[in-house]
Structures are given as C-alpha cells and as structure tokens.
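Let's take a walk through a protein structure together.

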Number of protein chains: 2
Amino acid sequence: MKKNDKILLDHGSGGKISHAMIEEMMLPVFDNPILAQLNDGAEIKVGDERLAFSTDSYVVDPIFFPGGNIGDLAVNGTVNDLAMSGAVPMFLSVGLIIEEGFPAADLNVILCQMGLAAKKAVVLVVTGDTKVVPRGAADKIFINTSGIGRIPDGVQISGHRARPGDKILLSGTLADHGIAILTSREGMRFDSPVISDTAALNHLVQRMLAVDRDIHVLRDPTRGGLGTTLNEIAGQSKVGIHIAEERIPIKPDVAALCELLGFDPLYIANEGKLIAVISPDHADAVLAVLRADPLGKDACIIGEVVQTPAGRVILQTRIGGTRIVDMLTGEQLPRIC
Amino acid sequence: MKKNDKILLDHGSGGKISHAMIEEMMLPVFDNPILAQLNDGAEIKVGDERLAFSTDSYVVDPIFFPGGNIGDLAVNGTVNDLAMSGAVPMFLSVGLIIEEGFPAADLNVILCQMGLAAKKAVVLVVTGDTKVVPRGAADKIFINTSGIGRIPDGVQISGHRARPGDKILLSGTLADHGIAILTSREGMRFDSPVISDTAALNHLVQRMLAVDRDIHVLRDPTRGGLGTTLNEIAGQSKVGIHIAEERIPIKPDVAALCELLGFDPLYIANEGKLIAVISPDHADAVLAVLRADPLGKDACIIGEVVQTPAGRVILQTRIGGTRIVDMLTGEQLPRIC
C-alpha cells in the first residue's frame, strides 16, 4: 500500500484486497512457513502433538439475528476453522470488548448462548479477557475467540492438496447467513425470515474423515463466500476448478432476495457450510455421510478440479455458457461476522 | 447483576467488579475446572503435553505512547501471560479490529513492532484475522493476541500455591506503564517523559526456573496493579500477604506524578514486571537472577506470605502503621492496555 493510504472496509472483506494486504503487510513481517500456509487454522507441532490453532474476531451487526447471535457465531466460527484442518476442537479462549453502557442482560444472553454452543461442539472455554471501552469507542460488543484442536494421525488437510480429478463437495445451501444478517440489519420483515446457518461442523467433519481419512481440502466459505474460497484453493493448489451453477443448492427465498438486492450468492458469507475436495474414489461415500447428517442434508457435488487454467475458477452457467469466477472485489456486506 | 444493569468501565478494570462479573456471569456458564483456576494462562493437556493457553484484547489509548505502542504491548502482554505459567511461549495468533479510514502507514508501524517484539520473545505469529468496521464503530484499532506455550516438566506454578513463609519478589519499579499512558493521553509534556515498561518476561522466567524449578506463583501486575494481583493470590491460596511500602521500588518522577494526579501506584498497571512467590530457601538465589537481568535490575523482596488473616493483603506503611490493601475498586484508568 502507498504511504497515505487508508484502511477501507474492503480490507476486511475476506476478498481480493484482504488477501493483498495479508500478502504485502503481514506475511513479510511475521515471516514464517506456518503462517504462509494461509489455511483456516494453523498447523503447529508441540512435542509429538499436531495441533490446529485459529483465531477470529466477531463484529457482526446486529448482534442478535434470526438463527443466532454474536455469541454462538463466535464459538461456531472458530470451532469450524479448527475443524477445517481436520482437527478435533478442544479448547477456546474468549476475548470480549464491550462498550460502556451495554445491557448486562444482553451480555448474559450472549454468554449463555456461547456456553450452549461450546457444549454442543464439545469444546471447553478455558481462558478469557474482558475489556470495557468508553461509550462511542466501540459499537456494543466485539468477541474474539481463539481455539486449539488436535489433528488426528494420518489426517493431512490443506488448501494446497487439490488435485486434478478431485470432486468438489458443498455441504448445503448458499448465502443463508449473509442474507439473514442483511435483511435483519435493514429491518426487512417477512412471515418466515431467512435464518442464519450458524452451526458447528466439527462432528460432521469427523464422520467424513471416518470414511475418507485422506480428504484433501476442507474450507468453510465464510466472508468472501464460495467464489472467494474456491479461488483460494485454486491458487494454493495451482489447479483449475470447474463448478456448475445448476448444482449449487440455494433456497428459493434466499435466491429471490439475492436477485432483488443485487447480490451474487457466490460471494455471500455462510457460517455452517463446508467445501470438501475429495479424491473421486471417495466422493460418493463422503457425500452419503454428509447427506445423512442434518447439517449436510442438501450436500451436492458441485464440480471438480482440473489441470488448467491453473488458479482459475470457472462456472458453467445455467444457460450453458461459462464465466470466470474471481475473488470477491470490494466489500459487499461489512460486519457480516 | 440485576436485570437492568449496564456494563460499566469498572467491569473492565481488572479489579473487584471485574472479578465479581467473572464469578457471577462467566464461571457458571463455561463451567469447567480449568477456567475456574483463574490463572493468567490456562493450563491444558493435549496428549502428553502440558500447554499454557492465554488471550488478551488490547484497546490502549493512545495507540502510540512513550516506550511502545499497541502492537508490541499486544505481543508482550500475551507472552507474559504464558510465561506466568512457567511456559515457554511458542505460538501467537493476532486478531485485528480496525476502524475504516485508519492510516495504512500506522498499521504498518504497528505490525512491524509486533514482528520485532515476537522475534525478541522468540514466538511465531502463525494465524490471524482482520476485521474492518465502519467509521465510528471502533476507535482506531483493537488487537487481540492469543498464545500457546509449553510448560516444562516439573514446573507447577499457580496462584493457589503461595504458602506461609514464602517470600514475595517484585521484579522492578511500579506504575511506569500506567503513568506513561496517562501522561501521554492527557498531553502532558516533560523533558524526559515516563516510559512504559512494556517488555517480554519469558526469557527472564526461564532463567528464574533454572535456579528454582519450584517457583510457587508468578503473576504480572497489569490492570488492577500490584494491590489487586496480591489480593488474587491471597484469595486463591487462602493465605495472608504482608508487604512493606518502603521496599517497593518506584521511580521518583513516577512517584511524584502519582502524588500529583492522585493515583495510588499500588493500583497502576505495569506491563514488564512480575511478582514471584518463592520458598524462603530459594528467594535469594532467584533475586540474584532477577537483578542480573536488565529487566529485573531493580528487583526486591517486598514481603512475605503469612497464615492469617487469610485472603488479606496488609501493607506496612513508611511511617510504621499498617493498612489493608484491597482489590482495586472502581476504574482508575480505562483503556490502559
């Protein structure tokens, strides 16, 4: 970045500009091969143990939304980042930044929801920190969660491992979380509102690993959406990715709202979905495991990995054409998670 | 807390009200014996490894101050929390929350200082997250760091292990960080300003452990200061603590500013100091190690652990009387770290 540049909302989008900032400003400073992997959770070694370590700060607005709140989102999000390394999440930390004057009753609800989400995911919150800042210095509440998980022997999941011929699986419908936040933020009211898909995927991942220990890539398409995440994988693995629009599941009301509001569901955040890149021999078995789970009942094989064009994601559209799907450029929805 | 209560600055002070909130609202919800230990870093077991895990969010204002900035403070602070379990800090995560419009050049300085601090402490930043919020939704930049360290065999440090007869060591002068922040925030100018003591204490701790593997308690007196930290130890260990005012080192200019501004240095935050509770047989050897290190050159034995009154900290004043030192009540200095 240039000397007088300012940080823009785009820098936090999870898309193209976020990636550029990480590559320009962060990788050189914290120069080490673990960070440079750029997976959802870092793989670290302590003694003989392979661990996953991940962090995320949650700044979602509104803090309460259909299907969840900032508390369970913060637990599920970091649990999922760990699970995307194939790890069994074990321990979480919680860092709260609270605006002076925030209602204690709301804090209590958020904490209780965090506790329930942790119980459901079978992780322990073992350490925490609370800062309170004067009125106006933060908007209500921000929550950081960091987590540690244990990577089972033989599991080797990384964005670098997609190979031509691999199948791309998506565990369910796109864009539910983003549209739930957006409609709720804008005060749009419906008889049956769109519900966020926030959920912990760690148990599902372990069931997938039970039928295919050699899953190549796992990723949850949060900020930046499916389009950005597939681009990350294509870039890390230096392969092409072909997906078919007609195979991508999306709820009719969510599709209609995306159309109405002018958003491309490929770039909208999900908080309870995963992408798996799987050897063709195992793809059907893993798909069956996904579909047998309530969190994966709408799972589909949406495409496959190809040799060329390396680093590119190509979408076959419903009407038969093809188009390049780039990383998200610009910020569609700030404070989505 | 009652139904209509609001979160106050006091809830983030690190003092009495912070503790009450943790005990009322957090321990019941996240109910587990590791969190309930309430040490600076949680001790967790993964396989055969004993690890320390800690988190802190940094909201200091101003973000640049004499002796440091929010970046190195965030690295040193979490390194120190890990070190206070006797752990060798290994890995850090960094979660940034940045206000839209923040100067990229400032971000770059902060990141570079984080990188330098990490190098000095010999820890790797292995994972991160960046969120950008719209102008006015946060004040400039907040940084969360979480960390993982390995606890060497035989080391068993905990706030619960202070025993009557133990000596209380303090590694250096009090109140430097708090007064540096306060004077800088208020725009007070001096020929030689008070400099924050922000520093990583992990190497010093390992040198202390080399002469006394059985250090009972380590704690860094940050928010809430020496007074609050000693009360925590007295409460956890169910012992009394006697300290002598005349033995507590403080720089003359810092003492004068505390007097002038009406602050009690016992409650002011430090960011490069530690308290050690040590068996009387080893106290002199550990003191010698401290004094041989630039970070511990002003170290003193400031008091000792007694049987009664359990849970109380008693100060022998310079003029010969005694007074009870309670935990910090109220918030002296918001956004001190």
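A handy idea to start with: a residue is called buried when its relative accessible area is under 20%, and exposed when that area is over 50%. Keep in mind too that what you see is a predicted model.

Now find E99(A). It sits in strand β5 of chain A, a strand that covers residues 88–99. Is E99(A) buried or exposed? Its relative accessible area is 15%, so E99(A) is buried. Who are its neighbours? Leaving out residues up to four places away in sequence, E99(A) touches V132(A), V133(A), P134(A), R135(A), G136(A), A138(A), D139(A) and K140(A), and also I7(B) from chain B. For a sense of scale, look across to L35(A): 64 residues separate E99(A) from L35(A) in sequence, and their C-alpha atoms are 32 Å apart in space.

Chain A brings 78 residues to the contact and chain B brings 77. Together they bury about 6500 Å², and carbon and sulfur atoms give 72% of this area. On the chain A side, I7(A), F30(A) and F53(A) supply 10% of the area that chain A buries against chain B, more than any other three residues.

What else joins the chains? There are four salt bridges across the interface of chain A and chain B. One to look for in your view pairs D56(B) with K131(A), where the closest N and O atoms are 3.3 Å apart. Several elements of chain A each supply at least two residues to the side that touches chain B, among them α1 (16–26), β2 (49–58), α4 (104–121) and the strand we began with, β5. Sorted by class, the residues on that side of chain A are 43 nonpolar, 19 polar and 16 charged.

Next, stay within chain A. Its domain assignment gives domain 1 (9–150) and domain 2 (167–324). The C-alpha centres of these two domains of chain A lie 21 Å apart. Where they meet, domain 1 of chain A contributes 34 residues and domain 2 of chain A contributes 28. The area buried between them is about 2200 Å², with 53% coming from carbon and sulfur atoms. P66(A), N80(A) and M84(A) supply 25% of what domain 1 of chain A buries against domain 2 of chain A, more than any other three residues.

How many salt bridges are there between domain 1 and domain 2 of chain A? The count is zero. Polar contacts do occur there, in 14 residue pairs with both residues at pLDDT 80 or more. On the side of domain 1 of chain A that touches domain 2 of chain A, β3 (64–65), α3 (70–83), β5 and α4 each supply at least two residues. The largest share of that side, eight residues, comes from α3(A).

Our last stop is in chain B. R219(B) lies in strand β9, residues 217–219. With a relative accessibility of 1%, R219(B) counts as buried. Its side chain makes a polar contact with the side chain of E232(B), at 2.8 Å. Beyond its neighbours within four places in sequence, R219(B) is in contact with residues including L38(B), M84(B), G159(B), Q236(B) and K273(B).

Technical notes
Residues numbered from 1 in each chain as written. Chains lettered and ligands numbered in written order. Predicted model: local features only at pLDDT ≥ 70, side-chain atom pairs only at ≥ 80, totals over all residues. Heavy atoms only, no water. Helix = DSSP H or I, 4+ residues; strand = E, 2+ residues; numbered from the N terminus. Buried < 20%, exposed > 50% of the residue type's maximum accessible area, 1.4 Å probe, protein only. Contact = heavy atoms within 4.5 Å. Buried area = accessible area lost by both parts, 1.4 Å probe. Salt bridge = Lys/Arg side-chain N within 4 Å of Asp/Glu carboxyl O. Nonpolar A, V, L, I, M, F, W, Y, C, P; charged D, E, K, R; others polar. Domains from an automatic or database assignment. Polar contact = N/O pair within 3.5 Å; in protein donor to acceptor, adjacent residues only side chain to side chain.
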